[in-house]
Amino acid sequence: MPMRNRIRCLLLAVSLCLPETWGLAQTVRNKAADAPQTRPLKPDSSRSPEVLSRVEPEYPPEVLRAGLRGVVRCQLIVNEKGIVYEAKALVGHPWMRQPALNAVVQWKFKPLLVDGAPKPFVVVVTVSSSR
């Protein structure tokens with residue numbers, strides 16, 4: 001195995017052993033979005049939120065060179081305007097979480113209407129690497 005690949009494998013192995021990467025959730029808040037005015041609802045499966053605008057993650061060169069693939073599952077809090085207020089990475093490789101969060105915090109949703117009034121909501125989305 002070439003030295004470069006050995007170093008890459010070693011770095012990957014070390015990153016997986018670091019305590020700060022052991023399943024701890026990372027959170028990103030959208031500073032441009034207003035905070036929800038009421039407690040966010042969890043829509044039932046019959047009213048699945050509609051994504052109007054989706055941004056794909058941009059992974060750093062290290063992730064691409066290492067050939068990492070997989071998914072990052074994120075919990076989003078969406079305000080009354082359909083703008084993501086906060087995103088939290090629940091599951092995923094530590095090197096892929098931040099790019100996924102940076103992308104999903106830019107997503108836009110169709111506002112959730114309850115009795116004709118827009119309400120904030122919580123939704124879990126999955127971002128997969130296609131590279």
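Tutor: We begin with confidence, given as pLDDT, the predictor's confidence in each residue, from 0 to 100. The chain averages a pLDDT of 84, and 79% of the residues score at least 70. This is a predicted model, in which local features need pLDDT of at least 70 and side-chain atom pairs count only at pLDDT 80 or more, while totals for chains, interfaces and linings use all residues. Residues are numbered from 1 along each chain as its sequence is written, and side-chain values use heavy atoms, with hydrogens and water left out.

Student: Where in the chain is confidence lowest, and where is it highest?

Tutor: Where pLDDT is low, the predicted coordinates should not be read in detail. Here the lowest confidence is in helix H1 (residues 3-17), with a mean of 54, and the highest is in strand E5 (residues 108-109), at 98. Over residues 16-23 the pLDDT stays under 50, and the model has nine contacts for them beyond four places in sequence. A contact means heavy atoms within 4.5 Å.

Student: How many helices and strands are in the chain?

Tutor: Helices (H or I, at least four residues) and strands (E, at least two) are DSSP runs, numbered from the N terminus. The chain has three helices and eight strands. Their order from the N terminus is α-β-β-α-β-β-α-β-β-β-β. Among contacts between residues at least 6 apart in sequence, 77% join residues at least 24 apart.

Student: Which residues of helix H3 are buried?

Tutor: Buried means under 20% relative accessible area, exposed over 50%, and partly exposed in between (1.4 Å probe, protein chains only). In helix H3 (residues 94-104), the buried residues are Met96, Arg97, Pro99, Ala100, Leu101, Ala103 and Val104. Their cover includes strand E1 (26-29), helix H2 (61-66), strand E3 (71-78), E4 and strand E8 (121-128). In the chain, buried residues make up 31% of the 131 residues.

Student: What does the side chain of Asn30 lie 3.3 Å from?

Tutor: A polar atom of that side chain lies 3.3 Å from the backbone oxygen of Val105. Asn30 is in the loop between E1 and strand E2 (51-53), and is buried, at a relative accessible area of 15%. Not counting residues up to four places away in sequence, Asn30 touches Ile83, Val84, Tyr85 and Val105.

Student: How many salt bridges does a search of the whole structure find?

Tutor: Side chains of opposite charge can pair when their charged atoms come close. The cut-off for a salt bridge is a side-chain nitrogen of Lys or Arg within 4 Å of a carboxyl oxygen of Asp or Glu. The search finds three. One of them joins the side chains of Arg29 and Glu86 (2.5 Å, N to O). This pair links distant parts of the chain, with Arg29 in strand E1 and Glu86 in strand E4, 57 residues apart. Arg29 is partly exposed at 48% relative accessibility, whereas Glu86 is buried at 14%.

Student: What about Asp34 and Lys81?

Tutor: Their side chains also meet in a salt bridge (2.9 Å, N to O). Asp34 lies in the loop between E1 and E2 and Lys81 in the loop between E3 and E4, so the pair ties together parts that are 47 residues apart in sequence.

Student: Which residues form the nonpolar patch on the surface?

Tutor: Patches are made of residues with over 30% relative accessible area and no salt bridge; like charges are joined within 9 Å, and nonpolar side chains (Val, Leu, Ile, Met, Phe, Trp, Tyr) within 5 Å. Accessible areas come from the Shrake-Rupley method with a 1.4 Å probe, and for residues only the protein chains shown count as cover. Leu90, Val91 and Val124 form the patch, with about 220 Å² of accessible area together. Leu90 is in strand E4 (residues 84-91) and Val124 in strand E8. The two are 34 residues apart in sequence and 9.1 Å apart in space, C-alpha to C-alpha.

How values were computed. A polar contact is a pair of N or O atoms within 3.5 Å; within protein, one must be able to donate a hydrogen and the other to accept it, and residues adjacent in sequence count only if both atoms are side-chain atoms.
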